[in-house]
Amino acid sequence: MRPRNICASLVLACLLALGGTALGAEATDPAPEANAPPAETQTVRRTKRVALIPLIDRTGWLTKSAAESLTDRMDRELHIPLNDTMHWAEFLNEDETAAALKEALAAQGKKAKPELAAREVAQKLDADLVLFLVVNQFYQHIFHSIFFGDGELYIESAASVVVYGYDARHDRLIKAPASRFEHTEYLPAYEAEVLALEALDEALREANAKSAIFPLSEDDGAPAAQTAQRAQN
């Protein structure tokens, strides 16, 4: 009986040793999941939404040519190269944005502040930038001098504009006024349309509306969760 028990013990010891080795190998081998490359974070780029509201003329004297020139200047301020291909920004429907602004201004009453209305429009339309131009003064008068008797042509002209808006990227209200006035010998450079464009250039520099859009890559690569959260807000 003794030799049989010894043999049995030896067999059991071998089995345990083999089992222990297998268990040890299983414990030390890294799990397949540990060696797998980390899942890439899903990323999206949010297309910026821009509300460029049509020009507002409070004078009644703005010429068609001047209105077209001022509108073209506003368009060029927010021009984005290759936007038709890359879809960096979506320019919202002008009728929709104009109606939203009209509603926001009406809600404020007689002492409405256009820049605050612009913020309301941005919140309502989920816009990254709201921008529009108001012309408050536009006139010119060309006449012959009667004081000096020299028969020379003189001009008196003036233009006053304000660029209003809201920059959602920086939570910034935009109100940038500028004006020009001339009373001198006539030159084409002193006509009201030219003065209005000069005033608009100054107002746009102060408004710095481009900072709401550029750099275009700031939001690129943002986690999808962050973009979704922004959309919900």
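In this predicted model, alanine 159 stands opposite arginine 180 of strand E6. The strands concerned are E5, covering residues 153-167, and E6, covering residues 172-185; they run antiparallel and are joined by 14 bridges. Between E5 and E6 the hairpin has 4 residues, and in this hairpin aspartate 171 takes a positive phi near 50°.

Serine 160 is also found in strand E5. With a relative accessibility of 17%, serine 160 counts as buried, because the limit for that class is under 20%. Its surroundings can be listed by leaving aside the neighbours within four places in sequence: serine 160 is then in contact with Val134, Val135, Asn136 and Gln137, and also with Ala178 and Ser179.

From C-alpha to C-alpha, leucine 187 is 8.7 Å from leucine 153, although 34 residues separate the two in sequence.

A step back gives the overall layout. The protein chain has 8 helices and 6 strands. Read from the N terminus on, its elements follow the order α-α-β-β-α-α-β-α-α-β-β-β-α-α. The chain comprises 233 residues, of which 32% count as buried. When contacts between residues at least 6 apart in sequence are considered, 70% of them join residues at least 24 apart.

Strand E1, at residues 48-52, comes next. E1 is mostly covered, with 4 of its 5 residues buried. This strand has pairings with both E3 and E4. With E3, which spans residues 89-91, E1 runs parallel and is joined by 3 bridges; here arginine 49 stands opposite glutamate 90. With E4, spanning residues 129-144, the pairing is again in the parallel sense and again extends over 3 bridges. In this second pairing, valine 130 of E4 is the bridge partner of alanine 51.

Not counting residues up to four places away in sequence, threonine 97 touches Ala51, Leu52, Ile53 and Pro54, together with Leu92 and Leu125.

Threonine 97 is also one of the residues through which H5 makes its contact with H6. These two helices, H5 at residues 94-108 and H6 at residues 114-125, pack at an angle of about 125°, and their axes are 9 Å apart. The angle makes H5 oblique to H6, and H5 passes H6 in a right-handed crossing. On the H5 side, the contact is made by Glu96, Thr97, Ala100, Leu101, Glu103, Ala104, Leu105 and Gln108. The residues contributed by H6 are Pro114, Leu116, Ala117, Ala118, Glu120, Val121, Lys124 and Leu125. By class, the residues of this contact comprise 10 nonpolar, 2 polar and 4 charged.

A further helix pair is formed by H3, at residues 64-77, and H7, at residues 192-207. Their axes lie 10 Å apart, and the packing angle is about 20°. H3 is therefore roughly parallel to H7, since angles under 35 degrees fall in that class. The crossing of H3 past H7 is right-handed. From H3, the residues that meet H7 are Ser65, Ala66, Ser69, Leu70, Arg73, Met74 and Glu77. Their counterparts in H7 are Glu193, Ala196, Leu197, Leu200, Asp201 and Leu204. The residues of the contact of H3 with H7 divide by class into 7 nonpolar, 2 polar and 4 charged.

Methods:
Residues numbered from 1 in each chain as written. Predicted model: local features only at pLDDT ≥ 70, side-chain atom pairs only at ≥ 80, totals over all residues. Heavy atoms only, no water. Axes fitted to C-alpha atoms, helices over the stretch in contact; angles between N-to-C directions. Parallel < 35°, antiparallel > 145°, perpendicular 65-115°, else oblique. Left-handed = near helix turned anticlockwise from the far one by under 90°. Contact = heavy atoms within 4.5 Å. Nonpolar A, V, L, I, M, F, W, Y, C, P; charged D, E, K, R; others polar. Pairing = 2+ DSSP bridges. Buried < 20%, exposed > 50% of the residue type's maximum accessible area, 1.4 Å probe, protein only.
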